[in-house]
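Student: I have a structure open and want to talk it through. Can we start with the terms?

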Amino acid sequence: MKRLVILASGSGTNAENIAKYFSNDKNVEIVSILSNKKDAYVLQRAENLGIKHSSFTKSEFEDGTVTSLIKSMNPDLVVLSGFLLKVPESMVKAFPHAIVNIHPALLPKFGGKGMYGDRVHEAVVASGEKESGITIHYIDENYDQGTTIFQAKCEVLPTDTPHDVATKVHALEYQWFPKILENIIKEKG
């Protein structure tokens with residue numbers, strides 16, 4: 001049985017998509033969904049799906065409390081799904097090549113501190129890019145600089161608004177994130 005812990009900060013549509021994708025897989029268990037926001041809707045989604053869940057403070061995340069909690073769950077992968085805090089170096093070292101993130105652009109473009117959600121899509125449109133997409137990657141100590149695992153692209157039309165780009169990128173996230181996680185799990189054996 002492969003064990004996944006999901007960290008999320010917001011609504012949790014990707015976390016829910018991942019949980020539903022693996023819901024009938026006897027070899028994968030979503031052990032817990034954790035959020036740095038006690039009122040994040042992702043926690044209600046976890047409740048609705050019958051998945052253990054809890055929230056934590058930024059200081060608990062930074063002081064190692066959350067790392068210890070996740071270690072106690074013995075996960076094979078830690079999945080960042082719309083998670084906005086920078087992962088402390090101590091956590092990166094505790095789970096080497098086992099923390100996976102999804103970014104709503106084609107890294108290395110439009111990454112780094114403060115580049116998340118609509119900010120990314122606004123920057124893509126403002127720059128006149130002809131394409132955007134998703135990057136699934138292992139994380140390291142720096143924002144959006146870890147090893148790329150997978151990218152998928154979508155066209156950005158001259159008439160597209162940031163909302164249009166977001167819609168296209170979300171479709172790629174829902175299509176690919178669970179499948180790529182499944183591939184990683186299989187590769188880890």
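Tutor: Contact means heavy atoms within 4.5 Å. This is a predicted model: local features need pLDDT of at least 70, side-chain atom pairs count only at pLDDT 80 or more, and totals for chains, interfaces and linings use all residues. Residues are numbered from 1 along each chain as its sequence is written, and side-chain values use heavy atoms, with hydrogens and water left out.

Student: Good. Leaving aside neighbours within four places in sequence, what is I30 in contact with?

Tutor: L4, I6, I18, A19, F22 and I51.

Student: Which residues touch the most other members of the largest nonpolar core?

Tutor: I30 and L181, out of 38 residues in that core. A nonpolar core here is a set of buried Ala, Val, Leu, Ile, Met, Phe, Trp, Tyr and Cys residues joined through side-chain atoms within 4.5 Å. Buried means under 20% relative accessible area, exposed over 50%, partly exposed in between (1.4 Å probe, protein chains only).

Student: Which helix gives this core its largest share?

Tutor: Helix α7, residues 162–188, with eight residues. Helices (H or I, at least four residues) and strands (E, at least two) are DSSP runs, numbered from the N terminus.

Student: And what lies apart from that core?

Tutor: Another core, of 20 residues. Among them are L7, L85, M91 and A98.

Student: Switch to α1. Which of its residues are buried?

Tutor: N14, A15, E16, I18, A19 and F22, in a helix that spans 13–22. The cover over them includes β1, β2 (28–35), α2 (41–49), β4 and α7.

Student: Now K2. Where is K2, and is K2 buried or exposed?

Tutor: K2 is in strand β1, residues 2–8. K2 counts as buried, because its relative accessibility is 19%. Leaving aside neighbours within four places in sequence, K2 is in contact with N27, V28, E29, D76, I185, K188 and G189.

Student: Backbone next. Which residues does the cis peptide bond join?

Tutor: L107 and P108, with omega at about 15°. P108 is found in the loop between β5 (99–103) and α6 (117–127).

Student: What about the phi of F110?

Tutor: Positive, about 60°, although F110 is not a glycine. F110 is also found in the loop between β5 and α6. F110 is buried, at 19% relative accessible area.

Student: And N74: what is its phi, and is N74 buried or exposed?

Tutor: Phi is positive at about 50°, and N74 is not a glycine either. N74 counts as exposed, because its relative accessibility is 54%. The place of N74 is the loop between α4 (65–72) and β4 (77–80).

Student: Why flag those values?

Tutor: Because most residues other than glycine have a negative phi, and most peptide bonds are trans.

Student: Zoom out. How many helices and strands are there?

Tutor: Seven helices and seven strands. From the N terminus on, the order is β-α-β-α-β-α-α-β-α-β-α-β-β-α.

Student: How much of the protein is buried?

Tutor: Buried residues make up 48% of the 189 residues.

Student: And what are the dimensions of the box?

Tutor: Roughly 50 × 35 × 35 Å, taken along the principal axes and filled by the C-alpha atoms.

Student: Last one: what share of contacts join residues at least 24 apart?

Tutor: 67%, among contacts between residues at least 6 apart in sequence.
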